[in-house]
Amino acid sequence: MKSNPVATYLSEHFGLSTDNVTLKPIGNGHINTTMLLKSEENALVVQKLNTDVFPNPEQLVENARLIEQHLSEKHCNGEYSLEIIRHVPTIESDFLVEYDQGVWRALEFIGGSYSEDVVATISQAQTAANAFGQFALALQDFQAEQLHHVIPDFHNLAMRFDAFEKVIEKDSVNRVALCQDDIDFCLAQQGLVDELKQLEGNIPLRPCHNDTKINNMLFCTQSDDAKAVIDLDTCMPGYWLFDFGDMVRTFCSPEQEDSTNLNNVRVREEIFAAIVKGYVEPLQDVITDAEKESFWLGTKVMTFMIGLRFLTDFIDGDNYFATKHANHNLERARNQFALYRDILEKEHTLKAILEINKA
């Protein structure tokens with residue numbers, strides 16, 4: 001069997017045997033291309049990094065390795081029980097290699113694990129949220145300022161609105177007419193920017209994961225317990241409200257984020273409650289009252305903002321998020337707006353759950 005030249009090249013550089021080596025896609029990421037590189041004796045997760053999104057891949061690796069080192073120290077001291085995903089150096093002791101105009105890196109493969117794209121049970125939600133809470137707790141004494149801003153203004157909603165308005169004005173691929181109602185809906189939500197500004201200075205800057213999707217947490221195949229928090233690419237200084245809100249966004253709906261079954265896109269209150277309980281429990285001794293109160297704003301902002309970003313990319317010609325078919329980003333946007341509307345409709349119920357768990 002003829003070897004894949006990419007697989008052969010990466011195997012040679014990362015110290016795997018090139019005999020019978022295979023390279024297969026894994027995961028459902030929107031940005032990087034993630035593959036499982038497997039030889040007869042070993043396996044690595046390899047990624048071709050999207051250098052349009054991450055123009056400085058060295059900074060991305062530096063951030064992740066700083067966090068790996070911090071978590072490893074915590075693990076050795078018995079203060080962090082989850083497994084840690086680590087970068088693997090090349091035989092030349094580098095962490096990035098270039099091949100065919102692409103930049104690649106390798107990560108340890110964590111076996112005996114699985115991930116989920118949609119939360120099926122309350123237990124899954126609480127287990128995953130607790131894992132992200134443990135991750136946040138382990139990093140609460142890590143200086144957030146050490147981390148590079150690998151994607152500047154990643155959760156800057158005001159900047160996202162500015163970008164949105166620019167692509168509307170440009171309308172380079174003539175798509176504005178296809179989504180005028182969606183555009184009008186988004187423009188009516190700009191009050192969220194003012195709500196975020198009011199928080200400035202009232203909550204501490206934290207090292208944050210910034211992409212707490214359900215599929216960025218690995219479950220143990222044998223026990224269904226949490227095994228590892230993965231995908232540290234967007235770890236940057238930020239606020240816990242964003243990590244909490246992203247869990248709500250990705251855990252609470254019974255539909256995947258690109259589902260067009262909008263009638264079934266909704267917040268499952270019991271899953272929301274499980275997120276609150278799971279995430280806050282490890283942080284109970286370090287989280288501030290203002291941070292807890294900010295979780296409601298995070299719930300609204302993260303769901304709306306990713307919808308805004310999907311719609312912006314659709315209008316701009318699908319240049320950021322990987323798409324599988326025409327209108328994919330528009331479908332994703334409408335899915336998120338349906339979830340956001342349901343969040344607003346259930347404000348009283350969801351706030352009550354947050355209040356109960358503040359005690």
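Glu92 is placed in the loop that runs between β4 (83-84) and β5 (97-99). This is a predicted model, and Glu92 counts as partly exposed in it, at 44% relative accessibility. In sequence, Glu92 and His13 are 79 residues apart, yet their C-alpha atoms are 7.6 Å apart in space.

**Salt bridges between separate parts of the chain**

- The structure contains 13 salt bridges.
- One of them pairs Asp141 with Lys74, with 2.8 Å between the closest N and O atoms. Asp141 belongs to the loop between α3 (122-138) and α4 (157-170), while Lys74 belongs to helix α2 (residues 57-76), so this pair ties together parts that are 67 residues apart in sequence.
- Lys346 sits in the loop between α10 (328-345) and α11 (347-356) and Glu269 in helix α8 (residues 269-283), so the pair ties together parts that are 77 residues apart in sequence.
- Of this pair, Lys346 is buried, with a relative accessible area of 16%, and Glu269 is partly exposed, at 29% relative accessibility.

- Lys351 forms a salt bridge with Glu347, and the closest N and O atoms are 2.9 Å apart.
- Both Lys351 and Glu347 are in helix α11, where they stand four residues apart, about one turn of the helix.
- Lys351 is partly exposed, with a relative accessible area of 34%, and Glu347 is likewise partly exposed, at 31% relative accessibility.

**Helix α4 against helix α9**

- Two packed helices are described by the angle between their axes and the distance between the axes.
- For α4 and helix α9 (residues 289-316), the axes come within 9 Å and cross at roughly 25°. An angle under 35 degrees counts as roughly parallel, and α4 and α9 are therefore roughly parallel to each other.
- The crossing in which α4 passes α9 is left-handed.
- On the α4 side, the contact is made by Leu157, Arg160, Phe161, Ala163, Phe164, Val167 and Ile168. On the α9 side, the residues are Phe304, Met305, Leu308, Arg309, Leu311, Thr312, Ile315 and Asp316.
- By class, the contact of α4 with α9 comprises 11 nonpolar residues, one polar residue and three charged residues.

**Helix α10 against helix α9**

- The axes of α9 and α10 are 8 Å apart, and the two helices pack at an angle of about 160°. An angle over 145 degrees counts as roughly antiparallel, and α9 and α10 are therefore roughly antiparallel to each other.
- α9 and α10 cross in a left-handed manner.
- The residues that α9 contributes to this contact include Trp296, Thr299, Lys300, Phe304, Leu308, Phe310 and Phe314. Among those from α10 are Asn329, Arg332, Phe337, Tyr340, Ile343 and Leu344.
- The contact of α9 with α10 has 14 nonpolar, five polar and three charged residues.

**Helix α5 against helix α9**

- Helix α5 (residues 180-187) packs with α9 at an angle of about 140°, and their axes are 11 Å apart. That angle makes α5 oblique to α9.
- α5 passes α9 in a left-handed crossing.
- Asp182, Ile183 and Cys186 of α5 make this contact with Phe304, Leu308, Leu311 and Ile315 of α9.
- The residues of the contact of α5 with α9 divide into six nonpolar, no polar and one charged.

Definitions and conventions:
Residues are numbered from 1 along each chain as its sequence is written. This is a predicted model: local features need pLDDT of at least 70, side-chain atom pairs count only at pLDDT 80 or more; totals for chains, interfaces and linings use all residues. Side-chain values use heavy atoms; hydrogens and water are left out. A salt bridge is a side-chain nitrogen of Lys or Arg within 4 Å of a carboxyl oxygen of Asp or Glu. Buried means under 20% relative accessible area, exposed over 50%, partly exposed in between (1.4 Å probe, protein chains only). Axes are lines fitted to C-alpha atoms, for helices over the stretch in contact, and angles run from 0 to 180 degrees between N-to-C directions. Angles under 35 degrees count as roughly parallel, over 145 as roughly antiparallel, 65 to 115 as roughly perpendicular and the rest as oblique. A crossing is left-handed if the near helix is turned anticlockwise from the far one by less than a right angle, and right-handed if clockwise. Contact means heavy atoms within 4.5 Å. Ala, Val, Leu, Ile, Met, Phe, Trp, Tyr, Cys and Pro count as nonpolar, Asp, Glu, Lys and Arg as charged, and the others, Gly among them, as polar.
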